[in-house]
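Subject: Structure handover

Hello,

Here is the structure I promised to pass on. Please open it first, then read my notes below.

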Amino acid sequence: MERQRVVQRFFCSPVNLHSRLRSVTFRGYTLWSHPSASEIASHRCFECCIKCLGGIPYASLIATILLYAGVALFCGCGHEALSGTVNILQTYFEMARTAGDTLDVFTMIDIFKYVIYGIAAAFFVYGILLMVEGFFTTGAIKDLYGDFKITTCGRCVSAWFIMLTYLFMLAWLGVTAFTSLPVYMYFNLWTICRNTTLVEGANLCLDLRQFGIVTIGEEKKICTVSENFLRMCESTELNMTFHLFIVALAGAGAAVIAMVHYLMVLSANWAYVKDACRMQKYEDIKSKEEQELHDIHSTRSKERLNAYT
């Protein structure tokens with residue numbers, strides 16, 4: 001009985017009646033037949049899938065994927081590059097951790113690692129929030145004339161996300177600029193190693209004091225004539241750390257691009273929601289005026305009828 005009700009409800013509509021009929025030509029005659037219940041269910045499932053795919057905020061999805069990729073590259077490669085830096089300083093520059101609470105380069109590297117952990121967790125949550133906001137904004141725009149209504153709280157949340165994303169974009173610009181410093185330092189070190197293999201008898205030195213890694217009173221200098229320098233240039237650890245910092249810099253740049261993309265998406269959604277709110281107010285005022293006119297017309301008709309009787 002339930003299947004018969006579904007079929008009758010589906011085919012009683014004059015719009016669906018002709019579109020759902022199947023034609024079969026036999027000996028010059030055209031025969032029409034109704035599709036089965038399974039075909040009706042599969043067609044409805046297909047329409048439901050198309051509707052669900054239409055509600056996905058693809059722009060926010062692309063920005064979220066780009067943000068997660070950039071944060072993953074920055075955090076993963078940056079963490080490993082910092083660990084490689086500690087090994088290079090301890091092995092080839094013969095530096096050791098200072099006892100006590102002295103703020104040295106190793107303590108700063110540990111702080112940077114904890115900052116990386118926080119960045120990874122914070123932007124994982126922030127990406128989810130922006131994706132959810134994109135879903136709600138898309139639903140609000142598509143269902144403007146339905147039961148879902150755009151509230152003032154939703155508009156305030158969109159404006160808050162725009163301001164927060166702009167601040168995060170500025171922060172990632174600073175992170176990108178800061179990440180370029182170790183890339184520059186390792187590029188100088190890699191250039192010195194390359195020049196020693198090209199120019200014979202060259203005596204080049206690298207002093208960590210010029211990069212601010214150690215204090216002025218400490219002399220941590222390594223020259224091309226030393227054995228530690230030759231072992232460092234021949235090892236794969238220097239090359240790996242240098243390229244890890246380059247990938248981390250690329251990840252920070254990808255995060256900046258993702259923030260800019262989010263700003264464009266959020267600004268467009270804000271404009272759409274604002275126009276939708278105006279349209280919604282216009283429709284409400286129009287329906288009220290039509291209702292008032294209908295009430296006035298019905299009242300006058302009743303008065304005329306009473307006067308006639």
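Let me start with one side chain: does Arg231 count as buried, partly exposed or exposed? At 35% relative accessibility, Arg231 counts as partly exposed. I come back to its surroundings further down. Please keep in mind that this is a predicted model.

**Overall layout**

The protein has 309 residues, and 30% of them count as buried. Its secondary structure comes to eight helices and four strands. Along the sequence, the order is α-α-β-β-α-α-α-α-β-β-α-α. Take the contacts in the protein with a separation of 6 or more: residues 24 or more positions apart account for 72% of them. The protein exposes about 20,000 Å². Carbon and sulfur atoms supply 64% of that area.

**Annotated spans**

The UniProt entry is unreviewed. Residues 61-82 are 100% helix and 0% strand, and their end C-alpha atoms lie 31 Å apart. Residues 114-136 are also 100% helix and 0% strand. Their end C-alpha atoms lie 34 Å apart.

**The nonpolar core**

The largest nonpolar core has 50 residues. Which of them touch the most other members? They are Leu67, Phe74, Phe93, Met95, Phe123, Trp172 and Met232. Helix 8 supplies the largest share, 13 residues.

Setting aside residues up to four places away in sequence, Trp172 touches Val71, Phe74, Ile119, Phe123, Ala252, Ala255, Val256 and Met259. Two of these, Phe74 and Phe123, are also listed among the core residues that touch the most other members.

**Two threonines in helix 6**

Thr176 sits in helix 6. It is buried, because its relative accessible area is 18% and the cut-off is under 20%. A polar atom of the Thr176 side chain lies 2.7 Å from the backbone oxygen of Trp172. Beyond four places in sequence, Thr176 touches Leu249, Ala252, Gly253 and Val256. Ala252 and Val256 are also touched by Trp172.

Thr179 is in helix 6 too. Its relative accessible area is 6%, so Thr179 is buried. With neighbours within four places in sequence left aside, Thr179 is in contact with Phe74, Phe245, Ala248 and Leu249. Leu249 also touches Thr176.

**Cysteines**

How many disulfides does a search of the whole structure find? It finds one. Cys193 and Cys233 form it, with their sulfur atoms 2.0 Å apart. The link is left-handed, with -70° about the S-S bond. Cys193 lies in helix 6 and Cys233 in helix 7, so the pair ties together parts that are 40 residues apart in sequence. Cys233 is partly exposed, with a relative accessible area of 26%.

Cys75 is in no disulfide. Cys75 counts as buried, at 9% relative accessibility. Cys77 is buried as well, with a relative accessible area of 15%.

**Back to Arg231**

Arg231 is found in helix 7, the helix that also holds Cys233. Which residues does Arg231 touch, not counting those up to four places away in sequence? They are Thr91 and Tyr92. Arg231 and Thr91 are 140 residues apart along the chain, and their C-alpha atoms are separated by 10.0 Å. The Arg231 side chain also makes a polar contact with the side chain of Asn228, at 2.6 Å.

Over to you.

Best wishes

Conventions:
Residues numbered from 1 in each chain as written. Predicted model: local features only at pLDDT ≥ 70, side-chain atom pairs only at ≥ 80, totals over all residues. Heavy atoms only, no water. UniProt positions renumbered as here; feature names shortened; annotations may be inferred. Core = buried A, V, L, I, M, F, W, Y, C linked by side-chain atoms within 4.5 Å. Buried < 20%, exposed > 50% of the residue type's maximum accessible area, 1.4 Å probe, protein only. Contact = heavy atoms within 4.5 Å. Polar contact = N/O pair within 3.5 Å; in protein donor to acceptor, adjacent residues only side chain to side chain. Areas by Shrake-Rupley, 256 points an atom, 1.4 Å probe, with all protein chains shown as cover. Disulfide = S-S within 2.5 Å.
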